[in-house]
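Work through the exercises below with the structure open. Try each task before reading its solution.

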Amino acid sequence: MTIDVLHPLLHSLTKSEKRYCRLLTGSSTGDKGFLRLLDCLLSHEIMGDALTADLTRLFPGATLEPARKYLYRVVMQSLRQFEQDKRIDVRIGQLLHDSQILYERGLVQFSQEQLEKAQRLAEQHERGLYVVMAARQQAEQWVKGQFDGVDEPTLARQHGLVRQQVERTQTALHHAALYETLLLRYRTHGTVGNATDTRRLNDLLLEEHQLLNRQSRSGSPMRSFAMQQQHLHFQSAYFRMIGDEAGSLRVYRELDNLFQNNPTLWSEQPLYYVQLLEGILSDLRMLGQYEEMPYFIDRLRAIDSPTHGLHHTVPYLTLYYRLLLAIDQARYADAATLLATNSLSADGPTFERGLTRLALGTRTEFDLLLVRLQVGSGHLSVALHRLNRVLALPARSLPGRLYMERQLMCLLLHARLGNADYLTYALRSTERKRKTTNRQSDGERFILELLRQWLSGRLQPAVLARIDTFSGNSADQQLIRNLDVRAWAVACLHTKTNMRPQGL
């Protein structure tokens with residue numbers, strides 16, 4: 001493992017994990033070069049020339065390579081041991097391994113007891129594949145013991161259990177595949193905008209309906225937490241894709257009740273619970289129900305389980321929605337105060353480094369929100385500097401909606417700055433690109449029209465009424481809100497920066 005991986009790995013450790021790692025390495029004998037490497041990497045917040053110089057000084061010649069490899073093995077071993085009692089999958093795996101060890105040493109009865117514990121734990125936490133593994137390991141031990149004490153009905157029940165768990169697992173995987181496909185389409189294309197997209201969406205809906213019907217006919221009603229959760233997540237994503245936020249929120253509330261009633265089945269891996277809270281917050285925002293958002297933001301902030309890998313993302317999501325709540329309501333001073341005093345963002349350089357570790361889509365949305373804050377606070381140059389960094393990010397993984405949002409935000413900001421020449425050519429380039437994709441929405445066309453009016457000096461006060469009465473779909477309404485188009489028009493009218501560039 002290279003230093004490029006080892007450095008961020010070490011800096012991702014919590015205080016407890018670092019302490020445990022040092023306790024584990026403190027008992028090692030022999031050359032402690034890997035400890036020098038550990039201290040060196042932790043002393044440098046960022047990778048750069050200073051770190052390279054220290055590594056060259058502390059590890060001359062080829063001495064860095066063995067220290068790096070050993071340190072990586074030690075860190076990974078300490079993390080495995082630190083988390084082994086916190087992960088259900090690891091606990092079940094240990095029971096299976098314990099059973100194998102006991103059986104190989106002739107302790108057959110105790111080996112079977114470990115398998116029964118593993119099976120009960122797997123069933124309790126809906127880990128179907130582990131139930132199958134435990135059942136098959138038990139059956140193989142019966143074969144090796146020549147079925148001592150096992151009759152045919154017992155063996156048949158074991159085989160029936162395996163078939164049942166395999167069928168349930170296959171159904172759950174199929175359902176998960178449908179939801180993930182729908183979620184990808186939503187992330188990529190947003191709401192449906194034409195007959196082809198609607199037909200493809202309905203094909204997924206029909207496939208999910210057929211899946212549920214097959215399960216009902218087989219005599220296995222949808223009772224498991226996983227199946228109910230996947231079904232409700234699928235339904236909420238469908239409603240969002242057709243622009244029905246009220247329907248989506250109604251399903252999300254039903255899904256929320258399911259999560260609240262089954263905390264032990266998701267607390268270890270709360271990814272879908274985080275998605276639930278994000279979905280509720282997004283729907284509440286679209287419906288203008290801002291007064292309900294703080295309650296769900298507090299629930300998002302309360303998630304605290306570093307073993308699931310969300311300990312970095314959740315604090316940023318919490319801060320994002322708190323800022324969004326203030327900025328949407330034009331409370332820019334409150335948002336600026338929150339950003340300056342929040343423990344996550346008070347240290348600017350550390351906050352920015354953490355921002356780069358987020359998923360590209362989440363990072364881009366956060367950056368665009370910070371641009372809105374700077375614009376609303378009147379710091380246009382600072383906003384343009386951050387926006388240019390956003391534009392420099394790769395666009396290949398960005399949803400089309402988010403890609404166009406950052407492009408339009410750039411055009412609107414340059415209009416505020418009065419950069420008519422730049423805007424003339426940038427506007428033409430943007431329009432050419434959108435024509436080639438043939439996916440321009442009503443909201444995008446409306447904003448481009450306003451920009452053309454600004455360039456030609458025809459932006460009049462009557463445009464405010466047009467913005468207020470704009471009747472596009474929910475995605476277009478969200479675009480207008482995310483870009484603060486009304487505030488932009490007011491600023492342009494107030495400063496009287498309408499101008500007609502030469503040659504337009």
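**Exercise 1. Find which helix gives the largest share of the lining of the largest cavity, then describe that cavity.**

Step 1. Helix α20 gives the largest share of this lining, with 4 residues. Helices here are DSSP runs (H or I, at least four residues), strands are E runs of at least two, and both are numbered from the N terminus.

Step 2. Know what you are looking at. This is a predicted model, where local features need pLDDT of at least 70, side-chain atom pairs count only at pLDDT 80 or more, and totals for chains, interfaces and linings use all residues. Residues are numbered from 1 along each chain as its sequence is written, and side-chain values use heavy atoms, with hydrogens and water left out.

Step 3. A cavity is a set of points, on a 1 Å grid over the protein atoms alone, where a 1.4 Å probe fits but cannot get out; lining residues have an atom within 4 Å of a point.

Step 4. List the lining of the largest cavity: V371, R372, V375, M409, L412, L413, R416, N482, L483 and D484. The elements that give two or more residues to this lining are α18 (360–376) and α20 (400–416).

Step 5. Sort the lining residues of the largest cavity. They divide into 6 nonpolar, 1 polar and 3 charged. Here Ala, Val, Leu, Ile, Met, Phe, Trp, Tyr, Cys and Pro count as nonpolar, Asp, Glu, Lys and Arg as charged, and the others, Gly among them, as polar.

Step 6. The largest cavity holds about 110 Å³ of space. A volume is the space filled by probe spheres set on the grid points, which are joined across faces, edges and corners.

**Exercise 2. Describe the second largest cavity: what is its volume, and which residues line it?**

Step 1. Its volume is about 60 Å³. The structure holds 4 cavities of 30 Å³ or more.

Step 2. R185, H189, V192, D197, R200, L201 and M241 line the second largest cavity. The elements that give two or more residues to this lining are α9 (152–189) and α10 (195–217).

Step 3. Helix α10 gives the largest share of the lining of the second largest cavity, 3 residues. The lining of this cavity divides into 3 nonpolar, 1 polar and 3 charged residues.

**Exercise 3. Trace the largest nonpolar core: how many residues does it have?**

Step 1. Start with the terms. A nonpolar core is a set of buried Ala, Val, Leu, Ile, Met, Phe, Trp, Tyr and Cys residues joined through side-chain atoms within 4.5 Å. Buried means under 20% relative accessible area, exposed over 50%, and partly exposed in between (1.4 Å probe, protein chains only).

Step 2. The largest nonpolar core has 57 residues. Those with the most contacts inside it are L182, M293, L300, Y321, L323 and F366.

Step 3. Helix α15 (residues 313–328) gives the most to this core, 11 residues.

Step 4. A second, separate core has 41 residues, including L408, L450, L459 and A489.

Step 5. Recall the general rule. In soluble globular proteins, nonpolar side chains tend to be buried together.

**Exercise 4. Is R285 buried or exposed? Which residues does R285 touch?**

Step 1. Locate R285 in helix α13 (residues 271–286).

Step 2. R285 counts as buried because its relative accessibility is 5%.

Step 3. Look for contacts (heavy atoms within 4.5 Å). Not counting residues up to four places away in sequence, R285 touches Y290, M293, L324, D328, R372, Q478, R481 and N482.

Step 4. Q478 is buried because its relative accessibility is 19%.

**Exercise 5. Step back to the chain: how many helices and strands does it have?**

Step 1. The secondary structure comes to 25 helices and 0 strands.

Step 2. Of the 504 residues of the chain, 45% count as buried.

Definitions and conventions. On a 1 Å grid over the protein atoms alone, a cavity is a set of points where a 1.4 Å probe fits but cannot get out, and a pocket is an open set with protein on both sides within 12 Å along at least five of seven lines; lining residues have an atom within 4 Å of a point.
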